[in-house]
Amino acid sequence: MHKTALRIAAPLAIGGIAILSTRQNLQNPFTPSSTALSESAPEHSPNLARWTQKWVKSETRWHYTNTHHTLIKYKHLLPSRGKILVPLCGKTVDLLYFPNQEVLGVEGVKKAITEFGAEQSAFFPTGFDSEKDTKENANFETYTGKTETSEISLLRGDFFSLNVPVSGVWDRASFVAIDPSNRPKYVETLKRNLNEGGTILMSTFWRVAGTPEAVNGGPPFSVSEKNVRDLFDEKTWDIQVIEEIDIMSDATYKESKERWTKAGLTDFRELVFLIKKKGGKKWWQVWK
Ligand SMILES: C[S@@+](CC[C@H](N)C(=O)[O-])C[C@H]1O[C@@H](n2cnc3c(N)ncnc32)[C@H](O)[C@@H]1O
């Protein structure tokens, strides 16, 4: 009896120690002291400077500790094969919500990536490579890791330089985060990287009414259906609004409602878009 218990317990203990020490080793690539920042997309560049300041001061109120409600509800509308892109990913836990898929997060500030690696126990960093994919991604540092079922790459650099084919995009607090003057460039980046027939699931905030400062303020900047239709050209994209949530009355937002009211908004909504890139093979073409 005693021997049997020992036979079971000993390998478990050894396995546990092995897993712990592997995790310690694997975390190295994500520690702040690792390799120097790439010069090609420095964190003080115009697109990233203000965000770097926010990360340095830990002013990351947009960060949710749980998977976003819209992703939970509509993830089935994203392709279940191919790579999923999470642009401007910060340290979102949504990166972990794509089992059996390859996930690519793009983030400009290294502290966000470091914190993601340190905080998510389901995520095991496997490497850091400033040279990887240099042809396609000369402007990025690549951090890799995995969960039990998915492979996650995190590219640190300016999203607008991205060149990686992907089949789906989850965009939350990203399109609304950039300066509105950069929106055409953002859409161009999505168009360049998303395969034909690929899908974008995007959640935006629409500042419908309130004081002029509140309606025109940001980030998050207001993105209405008209804004999206003006930016995503009809020739390339099919656009659908699949949900509109009244933030001032919906239970999902009960904790933030007061903040937005204080900021001067009287009507504020979340819009959920499903945007498909036209083209790609139809099922009857795939089977030919
Ligand atoms: C409002 S946060 C949203 C983060 C994430 N989507 C989430 O839901 O938690 C926007 C993030 O985009 C990053 N960012 C802003 N501009 C960027 C750019 N041009 N390239 C890469 N990352 C950028 C910021 O550092 C910040 O972490």
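Let me begin with a term: a polar contact here is a pair of N or O atoms within 3.5 Å. What we are looking at is a predicted model, in which local features need pLDDT of at least 70 and side-chain atom pairs count only at pLDDT 80 or more, while totals for chains, interfaces and linings use all residues. Residues are numbered from 1 along each chain as its sequence is written, and side-chain values use heavy atoms, with hydrogens and water left out.

With that in mind, please turn to Arg172, where a polar side-chain atom lies 2.8 Å from an oxygen atom of the ligand. A polar backbone atom of Phe159 is 2.9 Å from a ligand nitrogen, and an N or O atom in the side chain of Ser174 is 3.4 Å from a nitrogen atom of the ligand. Taken alone, the ligand exposes 600 Å², of which the protein buries 97%, these accessible areas coming from the Shrake-Rupley method with a 1.4 Å probe.

Around the ligand there are 20 residues, the closest being Leu88, Glu107, Asp158, Phe159 and Arg172, where a residue counts if one of its heavy atoms lies within 4 Å.

A cavity, on a 1 Å grid over the protein atoms alone, is a set of points where a 1.4 Å probe fits but cannot get out, and lining residues have an atom within 4 Å of a point. The largest cavity holds about 40 Å³ of space, a volume being the space filled by probe spheres set on the points.

Notes:
On a 1 Å grid over the protein atoms alone, a cavity is a set of points where a 1.4 Å probe fits but cannot get out, and a pocket is an open set with protein on both sides within 12 Å along at least five of seven lines; lining residues have an atom within 4 Å of a point. A polar contact is a pair of N or O atoms within 3.5 Å; within protein, one must be able to donate a hydrogen and the other to accept it, and residues adjacent in sequence count only if both atoms are side-chain atoms.
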